[in-house]
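Reader: Before I use this model, I would like to know what lies behind the terms applied to it. Please take them one by one.

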Amino acid sequence: MKRNLIIATVAAAALLTGGTAAAFATTSEDGDAPVKAHKVTAQQALDAVAPHGTVLSLDLDDDGDGGAGSGPAWDVELLTKDGKTQDWTVDAQTAKAKQDTSDASDDSNGRDDD
């Protein structure tokens, strides 16, 4: 039950923040290329990573450097069953989830060194 409450709270915050930003963002920061609107909702992003752990945070990264593509992506931080944190990226166009292993900031005890 607690997990559902956390997911609902994170989803609501992400929708309010991400939805507002997407409504006003029509071009990239340099003003050249249009920004792609995201097709994947916060709830769909949460559903894509839910089997891997408990969601700690969810953020829409719409600056074009998320994941393998150059479009927007959902950045998700999870807490695994063994108490470690993991960073995941969910493509905001396809809902494809991928664990981010490029930033190894967690030590063997699951503590964040940042």
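Predicted model: local features only at pLDDT ≥ 70, side-chain atom pairs only at ≥ 80, totals over all residues.

Reader: What pattern does the protein chain follow along the sequence?

Author: Read in order, the pattern is α-α-β-β-β-β, from 2 helices and 4 strands.

Reader: How do you know that β2 and β3 are paired?

Author: Pairing requires at least two bridges between two strands. β2 and β3 have 7 bridges, in the antiparallel sense, so they count as a pair. Within β3, Trp88 is the bridge partner of Val76.

Reader: Why are β1 and β4 said to stand at the edges?

Author: The open sheet runs β1-β2-β3-β4 with antiparallel pairing. β1 and β4 (97-99) each have a single partner strand, so one side of each has no neighbour in the sheet. From one strand to the next, the twist averages 25 degrees.

Reader: What makes α2 a helix that packs on the sheet?

Author: Contact means heavy atoms within 4.5 Å, and α2 touches β1, β2, β3 and β4. The direction of α2 makes about 135 degrees with that of β1.

Reader: What makes a set of residues a nonpolar core, and which have the most contacts inside the largest one?

Author: The members must be buried residues of listed types, including Val, Leu and Trp, joined through side-chain atoms within 4.5 Å. The largest core has 14 residues, and Val49, Leu58, Trp74 and Val76 have the most contacts inside it. α2 (42-49), β1 (54-61), β2 (73-79) and β3 (85-91) each supply at least two residues of this core; α2 gives the most, with 4 residues.

Definitions and conventions: Residues numbered from 1 in each chain as written. Heavy atoms only, no water. Buried < 20%, exposed > 50% of the residue type's maximum accessible area, 1.4 Å probe, protein only. Axes fitted to C-alpha atoms, helices over the stretch in contact; angles between N-to-C directions.
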